[in-house]
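Here are my notebook entries from a look through this model. I began with how its parts meet and then went on to the rest.

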Amino acid sequence: MKLYGSFTSPYVRRLRILLGDHDYEFIDAPTATPEGRAILSQVNPTMKIPMFEDDGQVLCDSGLIAQYLHEKLAIPALSYHDMNILKIIDAIVDSYIQLFLLGRSGFDTSEPKIYFNLQKERIERSFTFIEEAVKTGTITSSNWNYMTISLATSIEWLMVRQLHDFSDLPAISTFYDATKQRDDMVSTQIPG
Ligand SMILES: N[C@@H](CCC(=O)N[C@@H](CS)C(=O)NCC(=O)O)C(=O)O
């Protein structure tokens with residue numbers, strides 16, 4: 001098994017945690033460097049990470065890779081509830097990636113433009129939804145699976161990049177505090 005990615009990508013980190021101690025090769029291929037792009041361009045038309053190769057099969061989406069790994073490593077499948085929460089987490093991360101790339105492209109994303117507003121509304125509503133799910137106990141840190149791994153690693157990515165203020169999300173903050181010292185979280189930490 002080969003996982004292509006970077007040490008900073010939230011989509012890659014969740015798969016590194018899912019792979020745990022299993023035997024695999026990690027290939028550093030950041031999308032922002034010519035070297036990384038040269039590696040990805042050989043087999044991945046999307047030019048996004050993560051990308052994964054096993055037995056001649058190439059997969060270029062974290063959800064697909066996770067599904068493959070659940071089957072291959074006999075990890076219990078996520079419930080529809082957890083898969084749905086995962087989609088909501090991904091919606092937040094995708095919107096922040098869009099805002100981040102727009103900012104780096106010279107756009108002022110604080111301007112009241114439709115596209116920026118759509119991303120921000122999605123982020124706020126999605127976090128409110130997840131906050132409620134943590135409060136009511138349908139998301140718990142003790143249920144460490146691909147969904148909660150994705151939530152904890154996405155929160156940490158947003159904190160390290162200083163993209164989101166979690167001060168009005170106490171349940172999510174408590175969830176994160178309960179997961180951040182786990183061995184697999186510490187060993188895959190985003191480099192400072
Ligand atoms: N839906 C994809 C999203 C992956 C993604 O957005 N990866 C980012 C890095 S975190 C990326 O490769 N961005 C480069 C680009 O958009 O060109 C997945 O789940 O794998």
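**Entry 1: the domain interface**

I counted five residue pairs in polar contact between domain 1 and domain 2, both residues at pLDDT 80 or more. For a polar contact I took a pair of N or O atoms within 3.5 Å; within protein, one must be able to donate a hydrogen and the other to accept it, and residues adjacent in sequence count only if both atoms are side-chain atoms. On the side of domain 1 that touches domain 2, helix H1 (10-19) and helix H3 (62-72) each supply at least two residues. H1 gives the largest share of that side, seven residues. I sorted the residues of this side into six nonpolar, three polar and two charged. My classes were Ala, Val, Leu, Ile, Met, Phe, Trp, Tyr, Cys and Pro as nonpolar, Asp, Glu, Lys and Arg as charged, and the others, Gly among them, as polar.

A note on the ground rules: this is a predicted model, in which local features need pLDDT of at least 70 and side-chain atom pairs count only at pLDDT 80 or more, while totals for chains, interfaces and linings use all residues. Residues are numbered from 1 along each chain as its sequence is written, and side-chain values use heavy atoms, with hydrogens and water left out.

**Entry 2: domains and buried area**

I looked up the domain assignment, which gives domain 1 (2-72) and domain 2 (80-183); such bounds come from an automatic or database assignment. The centres of the two domains, taken over C-alpha atoms, are 21 Å apart. Eleven residues of domain 1 are in contact with 15 residues of domain 2 (heavy atoms within 4.5 Å). How much area is buried between domain 1 and domain 2? I found about 1100 Å², with carbon and sulfur atoms giving 59% (accessible area, 1.4 Å probe, that two parts lose on being put together, summed over both). In domain 1, Pro 10, Tyr 11 and Arg 14 lose the most area to domain 2, together 55% of what that side buries.

**Entry 3: salt bridges**

The structure holds seven salt bridges (a side-chain nitrogen of Lys or Arg within 4 Å of a carboxyl oxygen of Asp or Glu). Two salt bridges cross the interface of domain 1 and domain 2. I also noted that the side chains of Glu 156 and Arg 13 meet in a salt bridge, 2.9 Å from N to O. Asp 54 pairs with Lys 72, their closest N and O atoms being 2.8 Å apart. Asp 54 lies in strand S3 and Lys 72 in helix H3, so this pair ties together parts 18 residues apart in sequence.

**Entry 4: fold and backbone**

I listed eight helices and four strands (DSSP runs, H or I of at least four residues for helices and E of at least two for strands, numbered from the N terminus). From the N terminus on, the elements run β-α-β-α-β-β-α-α-α-α-α-α.

Most residues other than glycine have a negative phi, and most peptide bonds are trans. Ile 49 and Pro 50 are joined by a cis peptide bond, omega about 5 degrees. Pro 50 sits in the loop between helix H2 (34-41) and strand S3 (51-54). Ala 74 has a positive phi, near 55 degrees, and lies in the loop between H3 and helix H4 (80-104).
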